[in-house]
Amino acid sequence: MRPLLATAAVATVGTLLGGFMLATSAQAATNLALGRTTAVSSTETSSLGGANAVDGSTSTRWASAEGSDPQWIRVDLGSVQQIGQVTLRWEAAYGKAYRIEVSPDASTWTTVYSTTTGNGGVDDLTGLTGSGRYVRMYGTARGTAWGYSLFEFEVYPPSGTPSPSTSPSASPPPPGGPAVPFGSHLRPYAAGTLKLTGAAATHDQTVISYYNTWKAAFVKQNCGNGWYEVYSPDADHPYVAEAQGYGMVITALMAGADPNAKTQFDGLLKYVLAHPSVNNPNLHAAEQNTSCTSVNGSDSATDGDLEIAYGLLLADKQWGSTGTYNYKSLAVQRINAIKASEINATTKLTLLGDWSSAGDQYYYISRTSDWMPGHFRAYRKATGDTAWDTILAKHQSVTAALQSGYAPSTGLLPDFVINTNTTPKPATGQVLEDPNDGKYWWNACRDPWRIGADAVTSGDAQSLAAARKLNSWVKTKTGGNPSSIAVGYALNGTAISSGSEAAFFAPFAVAAMTDPGSQAWLDALWNKIKATPLDTSGYYSASLQLQTMIVVSGNFWTP
């Protein structure tokens, strides 16, 4: 019998007393499933039966037989009921792909919700429409090598349950601190993901030490007003949107290690909200000067908003949304604004910012480092908006086409892609920033991290394939020596510049995690990262190094 895992991860809604979850006002409707009769496809042991998932306790659980799909749990509500919300409180063994189904007779089933991108934790599935006496979670793909395991399977009527895409309810704060404290490893990666050799606690402490140095160097309160800002001495302006987004994501993930994390996060958020884009007030103005005033058009940069929205979703899961800020509501507003103003309506690829519109020379240009598949999955989950499925699929298909068509031996992606309305291809010469815009340069160096992070958290086959192609090439190119990773490459693998930069070598460590045959290579990359001190004049490389360390140490997760 597998030991109980991740108990703390489900204590995110309500008040925990003696192992029992008491509903809060944010979810105060009657739990129709509580104490009702259940049936299940299988159990791991006789003590892990279906009744455990409807007893209101977070110290008991149902667990299916390990290692097989499909599996299901069904609850009999006693009579036909209108269904508006289902809440699944997963133990570590979660469903990646599953359906919520209703039936009047336990024979004919109607699907009211389905996903193929589940990531565990607590799934609050609101805005459902359906009725039935029986409600079933039908799992078709496990998120881990184990089975399916639920602490609680809750069913609520539609009254008072708004759709999260328009008016999300505020998540109450978890008791006793952040829901996923740094170092808790409550969200295991996909089966087959490599782990660093050595003790996880030792690696965690390495990350914490680097974070503290990063925070001292770059997290500032220079602008007053209770704001926190991430300072970027190596950028065009001291405060840029990308930096604030990085700061919010990093701070939320480091909660538990940093006792000031929530205060710092709220200060960063306050700064962001005080500097809206002139084009869409739910987006962030991309650049501020030393006087903390928005400049250079006061419009947005897509990468910053993608990170800010993701950081808000993490904050909602970590601390709930009933405090000073409703993180969930702000996240949904920003996600909807991103879709409206920073996604090309024709191509479904990211725009460079909300300043690009149909007819201008930049409208069919996209930056590959903005292609963040894990973020798109999180947006879909948070909003219920199926447009994000289309957006994700388009970015992944273009990634595959670019790798096969322009970098078949390396898998490298260019900084910028042009002709996105016809046949996307690498930029030819300078289109926005640099003569190397069509090469693997200071933007695309983030791609192995972005693609790899999605691969290890979702187990997605397309992300795995893309990450493994990058990993296989760079491991061979360098002979397994991370110090040989150059500063930039043409797409055929020809180095642009010699030297060694964390922005270029650190992201490859995330890609290495996807290849079962790369343990020694992963450890070598980690040792290179550990041996690289933070350069206080280089916010960008330091920030990428820190974020890859968070992923590689097993401390990244998706909200």
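**Figure 1. Helix H8 gives the largest share of the lining of the largest cavity, five residues.** Welcome to this predicted model, which we explore through a set of close-up views. The space inside the largest cavity comes to about 160 Å³. Of the 17 residues that line this cavity, His375, Trp449, Arg450, Ala453 and Phe556 are the closest to its centre. Helices H2, H4, H6 (373–383), H8 (447–458) and H13 each give two or more residues to the lining. By residue type, the lining of the largest cavity divides into nine nonpolar, five polar and three charged. In the model, five cavities of 30 Å³ or more are counted.

**Figure 2. The largest pocket has a volume of about 1100 Å³.** The lining of the largest pocket is made up of 18 nonpolar, eight polar and 15 charged residues.

**Figure 3. Cys223 and Cys292 form a disulfide.** Here the two sulfur atoms are 1.8 Å apart, and one disulfide is counted in the model. Which parts of the chain does the pair tie together? Cys223 is found in the loop between strands S12 (219–220) and S13 (229–230), while Cys292 is in the loop between strand S15 (287–288) and helix H4 (302–319), so the bond links parts that are 69 residues apart in sequence. The torsion about the S-S bond is about -80°, so this disulfide is left-handed. Are its two cysteines buried or exposed? Both Cys223 and Cys292 are buried. Another cysteine to look at is Cys445, which counts as buried because its relative accessibility is 0%.

**Figure 4. Trp214 is one of the residues that touch the most other members of the largest nonpolar core.** In soluble globular proteins, nonpolar side chains tend to be buried together. The largest core here has 112 residues, and Phe265, Leu312, Tyr379, Tyr440, Ile485 and Phe508 join Trp214 among those that touch the most other members. What does Trp214 touch, leaving aside residues up to four places away in sequence? Its contacts are Val219, Val230, Gly247, Ile250, Leu534, Ala542, Ser543 and Leu546.

**Figure 5. The peptide bond from Asp69 to Pro70 is cis.** Its omega is near -5°. To find this spot, follow the chain to the loop between strands S4 (62–63) and S5 (71–83), where Pro70 lies.

**Figure 6. Ala106 and Asn296 each have a positive phi, in a residue other than glycine.** For Ala106, phi is near 65°. Ala106 sits in the loop between strands S7 (95–103) and S8 (110–115), and its relative accessible area of 26% makes it partly exposed. For Asn296, phi is near 60°. Asn296 is placed in the loop between S15 and H4. Why does Asn296 count as exposed? Its relative accessibility is 55%, and exposed means over 50%.

Terms used. Residues numbered from 1 in each chain as written. Predicted model: local features only at pLDDT ≥ 70, side-chain atom pairs only at ≥ 80, totals over all residues. Heavy atoms only, no water. 1 Å grid on protein atoms, 1.4 Å probe; cavity = no way out; pocket = protein on both sides within 12 Å on 5 of 7 lines; lining within 4 Å. Points joined across faces, edges and corners; volume = space filled by probe spheres on them. Nonpolar A, V, L, I, M, F, W, Y, C, P; charged D, E, K, R; others polar. Disulfide = S-S within 2.5 Å. Helix = DSSP H or I, 4+ residues; strand = E, 2+ residues; numbered from the N terminus. Buried < 20%, exposed > 50% of the residue type's maximum accessible area, 1.4 Å probe, protein only. Core = buried A, V, L, I, M, F, W, Y, C linked by side-chain atoms within 4.5 Å. Contact = heavy atoms within 4.5 Å.
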